[in-house]
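Please consult the sequence and the structure shown below.

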Amino acid sequence: TGGSMGVSFPVYGDESTVRITSATFSIPGNSMGVLPANGPDGTYDITMEAHSSTKVGDVVVVFNPSGLVFSPNASLVVTMAGPVGLTSGTFKVNHVYASGVVEQVTATVTVSGGITTFSVPVPGFSNYDWDGAEADGP
């Protein structure tokens, strides 16, 4: 069935502040979300919260219901302004499960016109954070 939802942030800080400008979650039309413990029941009420402060490592996106799994992956696109300090390429984002297990997913990073865009695969719901994550490659 597919769909998307997003949040936008008002302008905060200044040119020296890393800040989220928007976060958009999308489910492709051919993706099915399943809560493994309950099996598929067809419909889920989902929520997304995006938290940020002044640096890349402060960014956290929280999804519920925790444990919802997507096949194929859903996606999260987060745009940031300010001195993010990355170039276009890839970046590891932490997918933190409710159990505390951390798995890194590879985001695609595009930098253009002072905006850094992270395209993050979302295999399932829990928290996605940029704290301690890092750019791939040299």
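A residue is termed buried under 20% relative accessible area, exposed over 50%, and partly exposed in between (1.4 Å probe, protein chains only). By this definition Pro28 is partly exposed, because its relative accessible area is 28%. The model is predicted, so that local features need pLDDT of at least 70 and side-chain atom pairs count only at pLDDT 80 or more, while totals for chains, interfaces and linings use all residues. Residues are numbered from 1 along each chain as its sequence is written, and side-chain values use heavy atoms, with hydrogens and water left out.

Pro28 lies in the loop between E2 and strand E3 (32-34). Strands (E, at least two residues) are DSSP runs, numbered from the N terminus. Beyond its neighbours within four places in sequence, Pro28 is in contact (heavy atoms within 4.5 Å) with Gly2, Pro72, Asn73 and Ala74. The C-alpha atoms of Pro28 and Pro72 are 7.9 Å apart, although 44 residues separate the two in sequence.

Two strands pair if DSSP finds at least two bridges between them.

| Strands | Sense | Bridges |
|---|---|---|
| E2 (residues 19-27) and E6 (residues 69-81) | antiparallel | seven |
| E6 and E9 (residues 115-124) | antiparallel | nine |

Ser26 has Ser75 in E6 as its bridge partner, and Ala81 stands opposite Ile115 in E9.

The structure holds one salt bridge, defined as a side-chain nitrogen of Lys or Arg within 4 Å of a carboxyl oxygen of Asp or Glu. Asp58 forms a salt bridge with Lys55, the closest N and O atoms being 3.8 Å apart. Asp58 is partly exposed, at a relative accessible area of 24%.

Definitions and conventions:
Helices (H or I, at least four residues) and strands (E, at least two) are DSSP runs, numbered from the N terminus.
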